[in-house]
Amino acid sequence: MTDAISHQAPEMNTAPSSKVRVWDPLVRVFHWGLVAAFATAWLTADELQPVHEVAGYTLAGLVAFRLVWGLIGSRYARFAQFLKGPRETLAYLGDMTRGRERRHLGHNPAGAAMVVALLVTLSGTAFTGWLMEDEARLAILPSMPAIVALAWADDDGDEREYGGRGEIEGPLKEVHETLANLMLLLAALHVGGVVLASFRHHENLARAMVTGDKRGAGPGDIA
């Protein structure tokens, strides 16, 4: 009896025209806020340092919020709902290559992996940028190779200043820029995945992140 009810339950909300709320307002604000903050940080790097720093702190705050909301937020915002193991993620990617992946109402396994990659990369980018603002902050990383500390000195041994007064050269800045470039690559892959999933499942996923609503789960979909 219970199995019959469980089997029939998804069909109760699977009318083709039905809409369900998937993304809550805070998830949507986080998503588009992240887009705006990263674009601002990218465009103002080495040009408008005060704006770049504000954008960086905004990114750090948004990431911190998402980590908390991923634990206590609405159903589809929670990491426990969408994070999958390597085996299931690889299986989903294999299904994608064959054009037979199932539709997920929330993040699919590939999208979930991208969420993790984006959050980790953004965290590293924000953290290295924060370190670069003040030489004294390097003291919190006692195990950091000495060559990083040398990045604060020029060829004559004079200390380089940060911001509008000068430019840091060396490994720390290279790490920061590499992470920023990786973030740009991940963002491009993310957009490509959204376009592909929108085409495959006949729904506008970008619009869903604006309205919060998606088409209800149908037969074979994973809600």
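Trainee: What share of the 223 residues of the chain counts as buried?
Mentor: 35%. Buried means under 20% relative accessible area, exposed over 50%, and partly exposed in between, with a 1.4 Å probe and protein chains only. This is a predicted model, where local features need pLDDT of at least 70 and side-chain atom pairs pLDDT 80 or more, while totals for chains, interfaces and linings use all residues. Residues are numbered from 1 along each chain as its sequence is written, and side-chain values use heavy atoms, leaving out hydrogens and water.

Trainee: How many helices and strands does the chain have?
Mentor: Nine helices and two strands. These are DSSP runs numbered from the N terminus: helices are H or I with at least four residues, strands E with at least two.

Trainee: Switching to pockets, what volume does the largest one have?
Mentor: About 1,100 Å³. Of its 45 lining residues, the closest to the centre are His31, Leu118, His190, Val191 and Val194. On a 1 Å grid over the protein atoms alone, a pocket is an open set of points with protein on both sides within 12 Å along at least five of seven lines, and lining residues have an atom within 4 Å of a point. The volume is the space filled by probe spheres set on the points, which are joined across faces, edges and corners.

Trainee: Which helix gives the most to that lining?
Mentor: H8, with twelve residues. Helix H8 spans 171–201.

Trainee: And Val210, is that buried or exposed?
Mentor: Val210 counts as exposed, because its relative accessibility is 51%. Val210 is in helix H9, residues 205–211.

How values were computed. On a 1 Å grid over the protein atoms alone, a cavity is a set of points where a 1.4 Å probe fits but cannot get out, and a pocket is an open set with protein on both sides within 12 Å along at least five of seven lines; lining residues have an atom within 4 Å of a point.
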